[in-house]
Amino acid sequence: MAYPGYGAPAGYPQMPQMQQDPLYQYFAAVAGQDGQISADELQRCLTQSGVAGSYKPFSMETCRLMINMLDRDYSGSMGFNEFKELWQAINGWKTTFMNYDRDRSGTMEGHELQQAITAFGYNLSPQALGIIMKRYSINGRIGFDDFVSCCVKLRGLSEQFQRRDTTRTGKAMFQYDDFIQVSMSM
């Protein structure tokens, strides 16, 4: 998967095409002079933008996970291009959530989650889906915030696994320290 470039470093002027992007105004209003958004700024920005729709705002933990997913320089924050990539991902997850929340309850049940995950191209065992449900559901139902957290984790862990599965056999070798770094960075 190709990733767009990083935002301009702190103290450097933003590119004119960024400033013309309507999404840039949401970003710039919160990012401040450093041109980066932290987890609390991301939470505020996403809440103000209304991207969660009628769902409750994203938790701080979900915001941290979203930043970690795209934080390639491990700064704990994101620039505009990373934010733009996140915005597209969130909107995709929201569309999927709405498509598979067939009873319009604002939550997903296990079978709806399984269908959504399959639509993303993940082929998980019933045991893996059971673990996901235990981790992310409340009373057997997953809200949008937890769905996004789950999607971020699946995406990040899958990317890390694919980097190590160089022969594309579905098997990868991890050293203990490497495994800890991968799992804790998500």
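1. Glu85 sits in helix H5, which covers residues 80-100; helices here are DSSP runs of H or I with at least four residues, strands are runs of E with at least two, and both are numbered from the N terminus. At 10% relative accessibility Glu85 counts as buried, a word that stands for under 20% relative accessible area, while exposed means over 50% and partly exposed lies in between, with a 1.4 Å probe and protein chains only.

2. This is a predicted model, in which local features need pLDDT of at least 70 and side-chain atom pairs count only at pLDDT 80 or more, whereas totals for chains, interfaces and linings use all residues. Residues are numbered from 1 along each chain as its sequence is written, and side-chain values use heavy atoms, with hydrogens and water left out.

3. The side chain of Glu85 is joined to that of Arg72 by a polar contact of 3.3 Å (a pair of N or O atoms within 3.5 Å; within protein, one must be able to donate a hydrogen and the other to accept it, and residues adjacent in sequence count only if both atoms are side-chain atoms). Glu85 and Leu70 are 15 residues apart along the chain, and their C-alpha atoms are separated by 8.3 Å.

4. When neighbours within four places in sequence are left aside, the residues in contact with Thr107 include Phe97, Glu112 and Gly143, where contact means heavy atoms within 4.5 Å.

5. For the chain as a whole, there are nine helices and two strands, and along the sequence they follow the pattern α-α-α-α-α-β-α-α-β-α-α. Of the 186 residues in the chain, 41% are buried. Among contacts in the chain with a separation of 6 or more, 59% come from residues 24 or more positions apart.

6. The lining of the largest pocket divides into 10 nonpolar, three polar and four charged residues; Ala, Val, Leu, Ile, Met, Phe, Trp, Tyr, Cys and Pro count as nonpolar, Asp, Glu, Lys and Arg as charged, and the others, Gly among them, as polar.
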